Amino acid sequence: MRTPPQLSRARSGGFTLIELVIVLIIIGVLAAVAAPRFIDFTDEAEEAAVRSQANNLTSANTINAAACRLGKDECESVGDCTQADAELLVEGDLSDFTFGGTAPTADWDTGSCTISQGAYTFNYQLTQTP
């Protein structure tokens, strides 16, 4: 006995419309949850960049002051809270940052300088060297 042709047909291998709609909804929900978290990472990265440069400048200033006190050739003469003096202490282009603060007024005095980018400002120490 033969089976009728409509019963013997195999199901096609594609997805139904409802299955595709459910997958799109799940992807949309995941994207809605994940997108704000990635946006926050941008702000955190900018803050970390400014904080890192401030820490680098403080460390470089300490090393430079020690080199100057010991009369080493690596001594850089710095004393202003400017980009130019900051670039003498650390390598790289600091043009994305804004500098300010209270510069030291005499040799071996230490001033409190600021480095800023966007909404973030951090302090670093600068010792005036001869």
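**View 1. Glycine 71 follows helix 2.** The phi of glycine 71 is positive, near 75°. Helices (H or I, at least four residues) and strands (E, at least two) are DSSP runs, numbered from the N terminus. This is a predicted model: local features need pLDDT of at least 70, side-chain atom pairs count only at pLDDT 80 or more, and totals for chains, interfaces and linings use all residues. Residues are numbered from 1 along each chain as its sequence is written, and side-chain values use heavy atoms, with hydrogens and water left out.

**View 2. Helix 2 bends by about 25° at alanine 34.** The bend is the angle between axes fitted to the seven residues ending at a residue and the seven starting there. Proline 36 follows within four residues.

View 3. A salt bridge is a side-chain nitrogen of Lys or Arg within 4 Å of a carboxyl oxygen of Asp or Glu. The structure holds one salt bridge.

**View 4. Buried residues of helix 2 pack against helix 3 (83–89) and strands 1 (98–102), 2 (110–117) and 3 (120–127).** Among the buried residues are Val50, Leu57, Asn61 and Cys68. Buried means under 20% relative accessible area, exposed over 50%, partly exposed in between (1.4 Å probe, protein chains only). Contact means heavy atoms within 4.5 Å. Arginine 51 is partly exposed because its relative accessibility is 38%. Glutamate 47, at 25%, also counts as partly exposed.
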